[in-house]
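Q: Hi! I've got a structure open here and I'd like to talk it through with you. Can we go over it together?

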Amino acid sequence: MDPMHEPAAIRAPVSRAVLQLQSDRLARHSESDRKGRFIFDGLPAGNYQLSAFAAGYPMTNHLLATPRRLSIKGKSCVRQIFVLPSSGN
């Protein structure tokens, strides 16, 4: 088991992190739940950039993780796990 890529092995999920998903055509935001989970659904196929910010975004702009690029195909699911430094909590 690889703890960096297995959600069950992550001991301290970050709740209330703000996730921003952007493409050339849209921008969406979501907030992680108490278990650190988040979801974006109904997205069109395309290339996106996913960023994680501390609670309070956009009023406070504290980036928690380097933005990640991902590609979503039509009618598919993508799973992303951000491992954040403890100082970002």
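Q: Thanks! Are Phe53 and Tyr57 buried or exposed?

A: Phe53 and Tyr57 are both buried. Keep in mind that this is a predicted model.

Q: Got it. How many aromatic pairs turn up in the whole structure?

A: The search finds two aromatic pairs. One of them is Phe38 with Phe40, an edge-to-face pair with 6.1 Å centre to centre and 70 degrees between the planes. Phe53 and Tyr57 form a stacked pair, at 3.9 Å centre to centre with 15 degrees between the planes.

Q: And what about Phe38 and Phe40, how accessible is each?

A: Phe38 is partly exposed, with a relative accessible area of 26%. Phe40 counts as buried because its relative accessibility is 18%, and the cut-off for buried is under 20%.

Q: Let's zoom out. Which secondary structure elements does the chain have?

A: There are four strands and zero helices. Read from the N terminus, the order is β-β-β-β.

Q: How do β1 and β2 pair up?

A: They pair in the antiparallel sense, over five bridges. Together they form a hairpin, with four residues between the two strands.

Q: What joins β1 to β3?

A: Five bridges do, and those strands run antiparallel too. β1 covers residues 18-22 and β3 covers residues 46-53. Val18 stands opposite Phe53 in β3, and the bridge partner of Gln22 in β3 is Gln49.

Q: How about the core? Which residues have the most contacts inside the largest nonpolar core?

A: Those are Leu19, Leu43, Tyr48 and Leu50, in a core of 17 residues. β1, β3 and β4 each supply at least two residues of this core. β4 gives the most, with four residues.

Q: Let me pick on Leu50. What is Leu50 in contact with, leaving aside neighbours within four places in sequence?

A: Its contacts include Leu19, Gln20 and Leu21, along with Phe38 and Phe40.

Q: New topic: where is Ser30, and what is Ser30 touching?

A: Ser30 is found in β2, which covers residues 27-31. Leaving aside neighbours within four places in sequence, Ser30 is in contact with Ala17, Val18, Leu19, Phe38, Ile39 and Phe40.

Q: Is Ser30 buried or exposed?

A: Ser30 is buried, with a relative accessible area of 15%.

Q: What about charges? How many salt bridges does the search find?

A: The search of the whole structure finds one salt bridge. The side chains of Arg37 and Asp33 meet there, at 3.3 Å from N to O. Asp33 is partly exposed, with a relative accessible area of 28%.

Q: Where does Gly74 sit?

A: Gly74 is in the segment after β4. Gly74 counts as exposed because its relative accessibility is 52%, and the cut-off for exposed is over 50%.

Q: How far apart are Gly74 and Leu43?

A: In sequence they are 31 residues apart, and in space they are 8.3 Å apart, C-alpha to C-alpha.

Q: What share of contacts join residues at least 24 apart?

A: The share is 37%, among contacts between residues at least 6 apart in sequence.

Q: Last one: what do burial and surface look like for the chain?

A: Buried residues make up 30% of the 89 residues. The chain exposes about 6,500 Å², and carbon and sulfur atoms supply 50% of that area.

Terms used: Residues numbered from 1 in each chain as written. Predicted model: local features only at pLDDT ≥ 70, side-chain atom pairs only at ≥ 80, totals over all residues. Heavy atoms only, no water. Salt bridge = Lys/Arg side-chain N within 4 Å of Asp/Glu carboxyl O. Buried < 20%, exposed > 50% of the residue type's maximum accessible area, 1.4 Å probe, protein only. Pairing = 2+ DSSP bridges. Contact = heavy atoms within 4.5 Å. Areas by Shrake-Rupley, 256 points an atom, 1.4 Å probe, with all protein chains shown as cover. Core = buried A, V, L, I, M, F, W, Y, C linked by side-chain atoms within 4.5 Å. Phe/Tyr/Trp six-rings, centres within 6.5 Å; stacked < 30°, edge-to-face > 60°.
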